Amino acid sequence: MSDSKQNRPINSLAKRIESARKKAQELSRDKKDKKIASGSTLGLALRISLELISAIIIGIVIGWLLDKWLDTKPWLMIVLFFLGAAAGILNVFRMANDFGYTVGYKKNSKKQVKKYRN
Amino acid sequence: MAAGQSPLAQFEIKRWIPIEIGNLDVSFTNSSTFMVLTVVFTSAFLILGMRRNALVPGRWQSIVELFYVFIANLLKDTVGSQGRPYFPFVFTVFMFVLVGNLFGMIPYSFTFTSHIVVTFTMALIVFLGVTIIAIAKHKLRFFTFFMPPGVPIVMAPLLVPIEIISYLSRPISLSVRLFANMLAGHTLLKVFAGFVISLGMFGVFPLAFVVALTGLEIVIALLQAFVFTILTCLYLNDALHLH
């Protein structure tokens with residue numbers, strides 16, 4: 001009886017090590033995720049607003065130049081302002097998706113599909 | 001407030017050796033001085049550190065190798081083996097921004113990365129270079145970059161301009177990020193340092209805050225150099241693989 005009691009911890013040792021390792025891994029991954037996600041919150045806020053504003057500025061500038069060239073003041077600027085705003089929101093959406101610095105579609109859409117499937 | 005006491009006085013460009021070619025003002029300014037200093041210091045640091053090129057590195061050589069391996073791994077992780085030919089450029093950008101930022105932390109020095117002209121020029125070089133690499137590599141297929149996969153063709157007239165604007169906004173967000181961080185941090189330092197004297201005995205509180213802020217500023221200097229480099233790598237990755 002006492003023999004089995006002593007053996008029990010050894011028998012389940014592999015299992016316990018495995019579960020502890022898994023837990024540690026998850027913890028470190030969580031920490032890493034959190035670290036990447038928060039970084040400094042101020043920096044994150046700056047980055048988001050920057051992504052939004054820079055696209056709007058580009059839209060307005062392109063619209064203004066096209067207006068000057070085609071003499072269609074102010075219509076193209078208005079249209080491109082909205083396109084720029086859309087592009088800005090797209091930038092923010094992409095950035096917020098994984099809090100990384102990635103840009104573009106395929107990489108993110110692949111990741112997203114995986115996320116939704118899981 | 002008298003001149004020189006303003007928190008923004010530190011960003012003033014001073015012409016040290018006025019040079020004019022035609023109508024172009026190409027004077028040698030304090031900004032240029034610190035750029036030259038940065039390049040000289042970085043070159044000396046790297047070349048002298050590797051001078052002995054020992055198999056078992058000493059302290060100095062270890063630091064140099066640390067920088068090299070750090071950027072090499074960064075490039076390998078983000079771009080892959082195809083990024084190898086661009087390593088010298090990425091490494092130069094990293095060292096230039098990093099040492100420039102850190103030079104700015106020395107009292108009475110000048111931070112050239114706190115000027116949008118400097119950062120925007122660097123961002124523009126990265127942006128144009130990456131675009132040229134992409135067009136040279138993929139020819140006309142590059143323009144499929146602006147059409148997200150799996151989107152109905154009806155949406156193209158709306159989505160392609162949005163994608164193009166999003167692509168063109170890259171150099172702005174790349175340059176403003178570095179410039180704004182440096183400008184804001186250095187201004188904040190000066191503003192709080194100004195409180196130290198004017199608050200009299202209670203000046204110890206802003207003084208303690210300035211000490212903490214200086215540490216934070218050094219972290220930001222490192223971080224922003226890293227961010228600038230990693231974004232350069234990611235844009236390069238987009239150019240080489242079109243995702």
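Predicted model: local features only at pLDDT ≥ 70, side-chain atom pairs only at ≥ 80, totals over all residues.
1. Extent of H2(B). Helix H2 of chain B runs over residues 59-78, which is 20 residues. From first C-alpha to last it reaches 29 Å, close to the 28 Å expected at 1.5 Å a residue. After the helix comes Gly80(B), with a positive phi near 95 degrees.

2. Buried side of H2(B). The buried residues here are Ile71(B), Leu74(B), Leu75(B) and Thr78(B). They line one face of the helix, because their directions seen down the axis of H2(B) fall within an arc of 100 degrees. Their packing partners are two helices of chain B, H3 (87-103) and H7 (204-241).

3. Opposite side of H2(B). On the face turned away from the buried side sit the exposed residues Arg59(B), Ser62(B), Leu66(B), Val69(B), Asn73(B) and Asp77(B).

4. Geometry of the H4(B)/H6(B) pair. Two packed helices are described by the angle between their axes and the distance between the axes. For H4 (residues 116-138) and H6 (residues 170-198) of chain B, the axes come within 8 Å and cross at roughly 145 degrees. The crossing of H4(B) past H6(B) is right-handed.

5. Contact residues of that pair. H4(B) contributes Ile116(B), Thr119(B), Phe120(B), Met122(B), Ala123(B), Leu124(B), Val126(B) and Phe127(B). On the H6(B) side they meet Arg170(B), Pro171(B), Leu174(B), Ser175(B), Leu178(B) and Phe179(B). Sorted by class, this contact has 11 nonpolar, 2 polar and 1 charged residues.

Conventions:
Residues numbered from 1 in each chain as written. Chains lettered and ligands numbered in written order. Axes fitted to C-alpha atoms, helices over the stretch in contact; angles between N-to-C directions. Helix = DSSP H or I, 4+ residues; strand = E, 2+ residues; numbered from the N terminus. Left-handed = near helix turned anticlockwise from the far one by under 90°. Contact = placed C-beta atoms within 7 Å. Nonpolar A, V, L, I, M, F, W, Y, C, P; charged D, E, K, R; others polar. Expected span 1.5 Å × (residues − 1). Buried ≥ 20, exposed ≤ 12 C-beta atoms within 10 Å, placed from the backbone. Arc of directions from axis to C-beta.
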